[in-house]
Amino acid sequence: IVSSAQSTVFVNQVGYLPDHLKMAYTDHAAESFSLIDLTNNRAVFSGEVVLLKENDPSSGLDVYLLDFSGFQSTGRFKIRLNDGEESVPFEISDSVFSRVADRALKGLYYQRCGMTLEEAFAGVFNHGTCHSADAIGHSTCEHSGYLNVRGGWHDAGDYGKYVAPAAHALSYLLMLAEYFPSFLISDRLDIPESGNGIPDMLDEARYELQWLLTMQDANSGGVFFKVTTKNFVGYVMPHKSFDARYLYQISSTATADFAAIMARAYRVYKDYDSTFASQCLSAAQHAWSYLEAHPAIVPDGGFQNPADTKTGEYGDADDGDERLWAAAELFEATAATEFNDYFLNHYQDEEIIQGPAGWQYVKPLALITYLKSAQPTADENARNIIQNALDDYCRNQVAIADEDGFHVALEGWEYYWGSNSVALNKALILIFMFEETGKKEYFATALHQLNYILGCNAHNMTFVTGLGTNAPRHIHHSPSIADGVQEPVPGLMAGGPNKYLNDLVLQLHFNANTPPALCYVDDQESYASNEVAVYWNAPLIFVGAYFNQGRGP
Ligand code: G3I
Ligand code: 9MR
Ligand code: ZN
């Protein structure tokens with residue numbers, strides 16, 4: 001069942017930071033291990049192999065720990081067990097995670113729609129201009145006739161563009177920009193805008209923001225849910241895909257997410273381009289006025305595909321968290337009492353935090369914004385309540401990770417579609433709370449989640465194309481399948497193990513008794529475990545960039 005396991009010494013295949021924890025894992029008893037310096041093949045450190053978790057519920061393995069945190073020098077290494085088994089090579093260096101953040105951000109560039117991906121920037125993954133034709137309002141849509149909604153990123157392995165997941169993906173880039181400005185990835189990405197005086201990350205984010213602006217109904221301020229074909233188009237290059245694209249109904253979740261991200265964009269871009277920043281703020285305010293005029297969820301019950309449409313539905317019957325997020329971001333952008341009041345009246349409507357952020361649940365983004373608010377009128381008492389709730393949440397996540405064979409902060413049921421992003425979305429909250437409290441176990445648990453994504457897992461693979469020795473090769477990603485290039489498009493993270501087996505390939509390989517973390521196949525047909533998505537790359541960028549900056553206990 002364990003795929004691509006040339007070895008059963010599981011390491012972070014990209015590498016480790018010299019000053020922080022360094023752990024590897026194996027699935028069998030051995031007496032000791034050594035760390036081998038690859039420049040001279042000498043052992044530079046040795047330690048005991050310790051049983052960590054017998055019959056680990058998530059992986060089904062007996063997991064043994066190899067802790068070499070005590071070794072703090074840089075270089076290229078591998079691990080060798082006393083029984084002779086060896087890991088793949090890895091690096092120890094301060095900048096080891098810059099490669100992760102850079103590649104994952106460049107991965108978003110490869111998702112760009114509505115333009116040519118030039119060979120100069122895209123290499124063998126270049127392609128012609130795609131989806132430049134206007135979209136037409138679906139018969140159920142408020143907009144009739146054509147609309148220019150060119151640009152933005154393709155959502156995932158398909159070519160749809162969906163507002164709510166797009167806003168969520170952007171939130172992580174703009175949070176980096178706002179809270180960790182030294183983390184701005186500068187002009188090293190080789191994208192068309194590199195060298196324009198604006199950090200590449202903000203150029204890349206703006207490409208998506210510009211598209212989002214086109215999705216707002218000019219009259220009402222409401223925002224259309226998505227622009228897609230009626231059916232998924234299959235494995236065809238984007239510039240060869242000419243099926244008509246439709247604009248779907250205005251939705252209040254999309255509108256609120258749009259308001260939030262535009263208010264945040266105003267704050268981030270005002271120092272770079274004040275005209276663009278003001279445009280974002282007006283768009284956010286217009287969207288808010290739509291929400292005020294429509295206090296109940298739109299459409300009724302949340303967006304659903306019309307009968308003739310099969311593309312992503314992103315079902316969400318609760319727009320309370322999205323509205324709260326919009327209020328928090330607008331308060332931070334404008335200082336207006338109205339938004340502060342809205343936030344304070346609603347943040348306790350339900351349990352303060354129910355899980356990590358995701359496309360469906362954006363409340364943690366609202367909480368973090370309010371917690372870190374620079375507005376003097378932000379309510380201290382509310383901030384204490386939020387801080388305590390997030391602290392409790394993080395303490396729970398540490399407990400979950402401590403029980404897991406690979407220190408993954410996922411309970412069994414959380415290995416659902418996109419589980420890799422769930423682990424990283426938790427890491428993001430742990431990172432913020434480490435910054436707030438200085439609790440070193442939050443930092444460590446966040447780092448464990450990145451280690452898991454990069455090779456400390458039962459599959460002995462990184463889940464990111466082009467990173468590490470064993471990376472996914474058959475992602476569910478139309479360009480990667482249709483381009484005739486053997487390698488997949490690099491820098492894209494697979495959704496990961498999915499115990500609910502929502503596709504036929506997973507159902508063929510696994511069953512209800514399979515340990516949840518094993519329910520993953522590197523097969524192009526397994527869209528429920530091996531597709532990629534922009535909002536899964538986003539937390540990888542955030543977490544990778546964070547750990548690249550020398551912060552820590
Ligand atoms: O949150 C619940 C959890 O409480 C429950 O215990 C668990 C098990 O039932 O399910 C969790 O919900 C899952 C949800 O994703 C969470 O985000 C659903 O089961 C699962 O079916 C749902 O999958 C979504 C999938 O579309 C199918 O609708 C993915 O999140 C979403 O990322 C994915 O998005 C697709 C687009 O539709 C089309 N484009 C590609 C994109 C990526 O695959
Ligand atoms: O390619 C589609 C992918 O983006 C979606 O996440 C997935 C689930 O909605 O569906 C994929 O399309 C499949 C379709 O649902 C069923 N026929 C096979 C398609 C894969 O080529
Ligand atoms: Zn396109």
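User: Hi! Before we start, what counts as buried, exposed or partly exposed here?
Analyst: Hi! Buried means under 20% relative accessible area, exposed means over 50%, and partly exposed is in between. Keep in mind that this is a predicted model.

User: Thanks. So which of those classes does Asp190 fall into?
Analyst: Asp190 counts as partly exposed, because its relative accessibility is 46%.

User: And what about its backbone, is phi positive or negative at Asp190?
Analyst: Positive, at about 60°, although Asp190 is not a glycine. Most residues other than glycine have a negative phi.

User: Where is Asp190 in the fold?
Analyst: In the loop between α3 (163-179) and α4 (200-214).

User: OK, Tyr314 next. What is phi there?
Analyst: Tyr314 also isn't a glycine, and its phi is positive, about 40°. You'll find Tyr314 in the loop between α6 and α7.

User: Is Tyr314 buried or exposed?
Analyst: Buried, because its relative accessible area is 12%.

User: On to the ligands. What's around ligand 1?
Analyst: 14 residues surround ligand 1, and the closest are Asp155, Asp158, Trp359, Glu531 and Tyr535.

User: How much of ligand 1 does the protein bury?
Analyst: 68% of the 780 Å² that ligand 1 exposes when taken alone. The space it takes is the largest pocket.

User: Which residues surround ligand 2?
Analyst: Asp158, Phe232, Tyr235, Trp417, His476, Tyr527 and Glu531. A polar side-chain atom of Glu531 is 2.6 Å from an oxygen atom of ligand 2, and one of His476 is 2.7 Å from an oxygen atom of the ligand. Taken alone, ligand 2 exposes 450 Å², and the protein buries 60% of that.

User: And which pocket is ligand 2 in?
Analyst: The space taken by ligand 2 is the largest pocket.

User: Last one: how well covered is α16?
Analyst: Mostly covered, with 13 of its 13 residues buried. That helix runs over residues 534-546 and reaches 18 Å from its first C-alpha to its last, close to the 18 Å expected at 1.5 Å a residue.

Terms used: Residues are numbered from 1 along each chain as its sequence is written. Chains are lettered from A and ligands numbered from 1 in the order in which they are written. This is a predicted model: local features need pLDDT of at least 70, side-chain atom pairs count only at pLDDT 80 or more; totals for chains, interfaces and linings use all residues. Side-chain values use heavy atoms; hydrogens and water are left out. Helices (H or I, at least four residues) and strands (E, at least two) are DSSP runs, numbered from the N terminus. The expected span of a helix is 1.5 Å times one less than its number of residues. Buried means under 20% relative accessible area, exposed over 50%, partly exposed in between (1.4 Å probe, protein chains only). A residue is near a molecule or strand if one of its heavy atoms lies within 4 Å of it. A polar contact is a pair of N or O atoms within 3.5 Å; within protein, one must be able to donate a hydrogen and the other to accept it, and residues adjacent in sequence count only if both atoms are side-chain atoms. Accessible areas come from the Shrake-Rupley method with a 1.4 Å probe; for residues, only the protein chains shown count as cover. On a 1 Å grid over the protein atoms alone, a cavity is a set of points where a 1.4 Å probe fits but cannot get out, and a pocket is an open set with protein on both sides within 12 Å along at least five of seven lines; lining residues have an atom within 4 Å of a point. A molecule sits in a cavity or pocket if more than half of its atoms lie within 2 Å of its grid points.
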